[in-house]
Amino acid sequence: MNEKRRLMQVIYETGFALDDAALYLDTHPCDPEAVQFYETTRNFYQKAVSDYTSQFGPLSHESARFPAAGCGCREGNAEGTGCWNWIQEPWPWEGGMA
Amino acid sequence: MWTYEKRLQYPVNISQPNPKLAMVIISQFGGPDGELAASQRYLSQRYSMPYRDVAGLLTDIGTEELAHMEMICAIVHQLTRNLTPKEISASGFDKYYVDHTLGLWPQSAGGVPFSATVFQSKGDAITDLTENLAAEQKARSTYDNILRLVKDPEVCDPIRFLREREIVHFQRFGEGLRLVQERLDSKNFYAFNPEFDNASNCNGKQK
């Protein structure tokens, strides 16, 4: 499995674990085991998102970057800032994030 | 995939209830030109949109419409807080109250339930973007109509914000339509539908 797919697999697994744990915590906000699980899992999730978005493209507006290459403006723009890469990679319904 | 941020896009802090006004503003929740229809229109259209930048525009504006729906619901909620049965009867809010108490339910000002028939997802890039341009103007007109009836500055302020966003979205959809047309046959934008046709059928010769 390549690095991109491996990181996305971690994001799928830890991301879903966080979604599910949050529902449990909504009705059991003081459960120490659940609180600890959420904190530990969130660390793995955040690390995977940070590694993925720095190498393979954004997962949210906040993780968008401004590369000069491959943005359709060839060398970036006249000011050399690079371009918004939110719209470059395939959308998830195209099978982009499989 | 969506995540929720625990804030409104623009603050709503209304101190004076006004159920009569709430019954008008609720149209922007579940009415024909409301925010629920807007969000579902754009978020439904994006799957077959073949241009990634325009699919991104539909995703981002569709997402913002969800936040606008939340603002409208917050306005209606704050306008109907702490009502007494006497106030409910006197204001004409009783007809809504009997079915929904003070709960939020998507309907138009005239009481017509929300329906997907108020929007289209046609699967044709030019058609859908033209629909969206009209939708933004219809919503802008609705906010203009609401603003004529509002005197409370605490209600005016967030409604003015929402009205302004309709104009921004209209501008962006116009740019989206231009981006699509630039990629089509400049002699005949309707030569093929980029969401359906390809070079192998009669409608797709030019692709």
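These legends go with close-up views of a predicted model. Local features here need pLDDT of at least 70, side-chain atom pairs count only at pLDDT 80 or more, and totals for chains, interfaces and linings use all residues. Residues are numbered from 1 along each chain as its sequence is written, and side-chain values use heavy atoms, with hydrogens and water left out.

**View 1. Chain A, with 2 helices and 0 strands.** Helices (H or I, at least four residues) and strands (E, at least two) are DSSP runs, numbered from the N terminus. Of its 98 residues, 29% count as buried, meaning under 20% relative accessible area (1.4 Å probe, protein chains only).

**View 2. Helix α2 of chain A, residues 32-56.** Buried residues of α2(A) include A34(A), T41(A), A48(A) and Y52(A), and their cover includes α1 (3-27) of chain A.

**View 3. The two ends of α2(A).** At the start, a side-chain oxygen of D31(A) comes within 3.0 Å of the backbone nitrogen of E33(A). After the helix comes G57(A), with a positive phi near 115 degrees.

**View 4. I72(B) and its neighbours.** Leaving out residues up to four places away in sequence, I72(B) touches I25(B), Q28(B), F29(B), E35(B), Y143(B), I159(B) and L162(B); touching here is contact, heavy atoms within 4.5 Å.

Definitions and conventions:
Chains lettered and ligands numbered in written order. Buried < 20%, exposed > 50% of the residue type's maximum accessible area, 1.4 Å probe, protein only. Expected span 1.5 Å × (residues − 1). Polar contact = N/O pair within 3.5 Å; in protein donor to acceptor, adjacent residues only side chain to side chain.
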